[in-house]
Amino acid sequence: MCISRFNLLIVIQLLALPLLAQISSKGIPFVKNYPPSDYNAKNDNWAAIQDSRGLMYFGNKSGILEFDGHNWRNIAPGVALLTMVQDKNGVIFGGGMDDAGYIDYQPDGSTKFISIIDRKNNKDTFYGSFHYIVIKNDTVFFFSHRGYILKWHNNKIQQLYLPN
């Protein structure tokens, strides 16, 4: 009886040898988690996108965070984007809490968020949250949960409203 247990133990060990070959770092992507203390913002991140230069942008409750692989920068404090898309020319459009616009590259290489919402003429309009963006040819449509659709074409905004 003692020999059969020994034989069983050897068989189990031999069967387990192929499992050791599975322990390898090859093919496993490197993952690094960043706590909010690293990027100095809230822990609510809703959207992420990479631009043509390789920079990452995150829609955060504290603003739009830009990450170059080493440094974090809040390019639009207070602008909370929920969704971001990129058009064929590399322009990143974003929609969020009562705001919509795009990320603009400045001559000095920095970036900033340009809101397309006309606050002077629509200061009392509450659009709600823009959760969905569609790009069709050269026109960008921002859809809000309150029934508003903003149509952005040739740097001009047209507001449409679809009542519930």
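Start by selecting E66. Leaving aside neighbours within four places in sequence, E66 is in contact with R53, L55, M56, Y57, N71, W72, R73, I75 and T111. Keep in mind that this is a predicted model.

**Stop 1: around E66**

E66 is found in strand β3, residues 63–67. Is E66 buried or exposed? Its relative accessibility is 11%, so E66 counts as buried. Now show the side chains of Y57 and T111. The side chain of E66 makes a polar contact of 2.8 Å with that of Y57. Another polar contact, of 2.6 Å, joins the side chains of E66 and T111.

**Stop 2: the aromatic rings**

Select the Phe, Tyr and Trp residues next. The whole structure holds ten aromatic pairs. One of them is F58 with W72. Their centres are 5.5 Å apart, the planes stand at 45 degrees, and the pair is tilted. F58 sits in strand β2 (residues 56–60), while W72 sits in strand β4 (residues 72–74). The two are 14 residues apart, and the pair links distant parts of the chain. F58 has a relative accessible area of 18% and is buried, because buried means under 20%.

Move on to Y132 and F143. How far apart are the ring centres of Y132 and F143? They are 5.9 Å apart, with the planes at 50 degrees, so this pair is tilted. Y132 belongs to strand β9 (residues 130–136) and F143 to strand β10 (residues 139–144), so the pair ties together parts eleven residues apart in sequence. Colour both by accessibility. Y132 is exposed, at 52% relative accessibility. F143 is partly exposed, with a relative accessible area of 28%.

**Stop 3: the sheet with β9 and β10**

Stay with these strands and switch to a cartoon view. Which strands form the open sheet? Four of them do, in the order β9-β10-β11-β12, with antiparallel pairing. The edge strands are β9 and β12 (156–161), each of which pairs on one side only. From one strand to the next, the twist averages 20 degrees.

Zoom in on β11, residues 148–153. Six bridges join β11 to β12, and the two run antiparallel. Select K151 and look across: Q158 in β12 stands opposite.

**Stop 4: a loop residue, A80**

Select A80. Where does A80 lie? A80 is in the loop between β4 and β5 (81–86). A80 has a relative accessible area of 9% and is buried. A80 and G96 are 16 residues apart in sequence, yet their C-alpha atoms are 5.6 Å apart in space. Not counting residues up to four places away in sequence, A80 touches W46, N60, K61, G96 and M97.

**Last stop: the whole chain**

Zoom out. The chain has two helices and twelve strands. Along the sequence, the pattern reads α-α-β-β-β-β-β-β-β-β-β-β-β-β. Of the 164 residues in the chain, 34% are buried. E66, F58 and A80 are among the buried residues seen on this tour.

Finally, consider the contacts between residues at least 6 apart in sequence: 32% of them join residues at least 24 apart.

Key:
Residues numbered from 1 in each chain as written. Predicted model: local features only at pLDDT ≥ 70, side-chain atom pairs only at ≥ 80, totals over all residues. Heavy atoms only, no water. Phe/Tyr/Trp six-rings, centres within 6.5 Å; stacked < 30°, edge-to-face > 60°. Helix = DSSP H or I, 4+ residues; strand = E, 2+ residues; numbered from the N terminus. Buried < 20%, exposed > 50% of the residue type's maximum accessible area, 1.4 Å probe, protein only. Polar contact = N/O pair within 3.5 Å; in protein donor to acceptor, adjacent residues only side chain to side chain. Contact = heavy atoms within 4.5 Å. Pairing = 2+ DSSP bridges. Axes fitted to C-alpha atoms, helices over the stretch in contact; angles between N-to-C directions.
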